[in-house]
Amino acid sequence: MKRRDFLGGVGAVGAAGALAAPSLLTTAGRAMAQGGDIPVGLLFSLTGAVAVVESTLHDAALMAIKEINAEGGVHGRQLRPIIEDPASDPATYADRARRLMIRDKCVSVFGSYTSASRQAVLPVTEQRKNLYWYPTLYEGRECSRNVMYGGAVPNQQQDDLIPWAIENFGPRFFMIGNNYVYPKEENNYCKTLLAKHGGEVVNEEYVPLGHSDFSSVINRIRAEEPDVIFATVVGDSDVAFARQYHAAELDPEKMPVVSLTRSEVEVKAIGGEAAAGHFSSAPYFMGHDTPENEAFVEAYKSRYGADTVTHFVSEAAYFQVYQFKAALEKLDPANITPEAIRDAAVGLTLNAPQGEVLIDENLHTHLWPKIGQWQANGQAEVLVQSSERIAPLPYAAYEGQSCTGEGLVKA
């Protein structure tokens, strides 16, 4: 399949195509009107604690840019990636984002993995009226008009998962997560679903980011004998937890780990044998069988090595660049501004590796939830797949609040 065919099914729904672009050009907009390359920022950590994940997001986004340029760019112009390494430090993310938006006049910035980094960049992006493309699953409870959210929010990962887990394993949940906003908000939403479907929380534990000794947690799990271990530990902590669970000879057939954060990257580090039998909920798995995903995986491995893996955040980092391209193609080349790109992006559909995705008026993305069971070969067997695209509800856990095209609305 040619690169021009991959992710080529782009359309628009609703009235997004009729939205007028701002009449006053920003400095970046004037630069675009004069011709030349289109500057875009890549703000992914290539060093530091989160580089193991963020470097793969950088690679996926850069691959998309190079593919687009190889096909002639947009409006006959090349996308010019300007790369900054925030070194896994939230304050540095903000500083480098400011540099990309002011000095380099980027009309959009693609970046980051953690909520801490997104929240560090958010005030800069809003102050500069720029556009930040964030590919990562996150906890919701945010509604910015300057962020394009490509990853899943809680309802897109849990609405199918929780009743499925109760039905297949039982109602007693042990929650384990890192001690920051994402696990706590996901657990908050999980509790509402447990109450709805007859489940209960037998224990709720939080450990610091980077925590590696889970012996006391394993002992409590052994004592409680939960039906499901609901996990939101991330990165190195997830690797350590999975290995220690396996070493303790706990049985995934009796009390499986059901994760919102474990992807092919973590499983590769854990080892297939230790990860096998457990589950993850995500909109994308590397083994998903579509022509678009086959092309994506083939291109990624060809560029970065046969032993590399794709995952549900690198997939979003990739397709968001194509969403950006599709938005640019709707605009007058003389009026390429962040606000115009945002308005043109609303309603766009695109054939991503996971399936056809849609940008909602709230700037989040309609996705395809899946439940996969990890196998010894490091890949997930998809057991459950949504029969339809699921709309993003970033305030699903908060009755009377919703994110709309006008921003946050409170009843």
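The model is predicted.

**The parallel sheet**

Strands of a sheet pair through backbone hydrogen bonds, either parallel or antiparallel. Here, five strands make an open sheet with parallel pairing, and their order across the sheet is 3-2-4-5-6. The edges are taken by strand 3 (79-84) and strand 6 (147-149); each has a single partner strand, so one side of each is left without a neighbour in the sheet. On average, neighbouring strands of this sheet are turned by 25° against each other, direction ignored.

Strand 2 (residues 38-43) and strand 4 (residues 109-111) run parallel and are joined by three bridges. In this pair, L43 of strand 2 stands opposite G111 of strand 4.

Which helices pack on the sheet? Helix 3 (residues 90-102) does so, touching strand 2, strand 3 and strand 4. The direction of helix 3 makes about 175° with that of strand 2. Helix 13 (residues 312-329) also packs on the sheet, and it touches strand 2, strand 3, strand 4, strand 5 (132-134) and strand 6. Its direction makes about 145° with that of strand 5.

**An antiparallel hairpin**

Strand 15 (residues 370-374) and strand 16 (residues 380-385) run antiparallel, with five bridges between them. K370 has Q385 in strand 16 as its bridge partner. The two strands form a hairpin, and five residues lie between them. In the turn, G378 has a positive phi of about 85°.

**Empty space**

Rolling a probe the size of a water molecule over the atoms shows where empty space is left. In the whole structure, a search finds three cavities of 30 Å³ or more.

| Space | Volume | Residues of the lining |
|---|---|---|
| Largest cavity | about 50 Å³ | seven nonpolar, no polar, two charged |
| Largest pocket | about 540 Å³ | 15 nonpolar, nine polar, four charged |

The lining of the largest cavity consists of E139, P154, E185, Y189, L393, P394, A396, A397 and Y398.

How many residues line the largest pocket, and which of them lie nearest its centre? The lining has 28 residues, and those nearest the centre are V50, Y113, T114, L209 and V234. Helix 2 (51-70), helix 3, helix 4 (115-128) and helix 9 (235-247) are the elements that give two or more residues to this lining.

Methods
Residues are numbered from 1 along each chain as its sequence is written. This is a predicted model: local features need pLDDT of at least 70, side-chain atom pairs count only at pLDDT 80 or more; totals for chains, interfaces and linings use all residues. Side-chain values use heavy atoms; hydrogens and water are left out. Two strands pair if DSSP finds at least two bridges between them. Helices (H or I, at least four residues) and strands (E, at least two) are DSSP runs, numbered from the N terminus. Axes are lines fitted to C-alpha atoms, for helices over the stretch in contact, and angles run from 0 to 180 degrees between N-to-C directions. Contact means heavy atoms within 4.5 Å. On a 1 Å grid over the protein atoms alone, a cavity is a set of points where a 1.4 Å probe fits but cannot get out, and a pocket is an open set with protein on both sides within 12 Å along at least five of seven lines; lining residues have an atom within 4 Å of a point. Grid points are joined across faces, edges and corners, and a volume is the space filled by probe spheres set on the points. Ala, Val, Leu, Ile, Met, Phe, Trp, Tyr, Cys and Pro count as nonpolar, Asp, Glu, Lys and Arg as charged, and the others, Gly among them, as polar.
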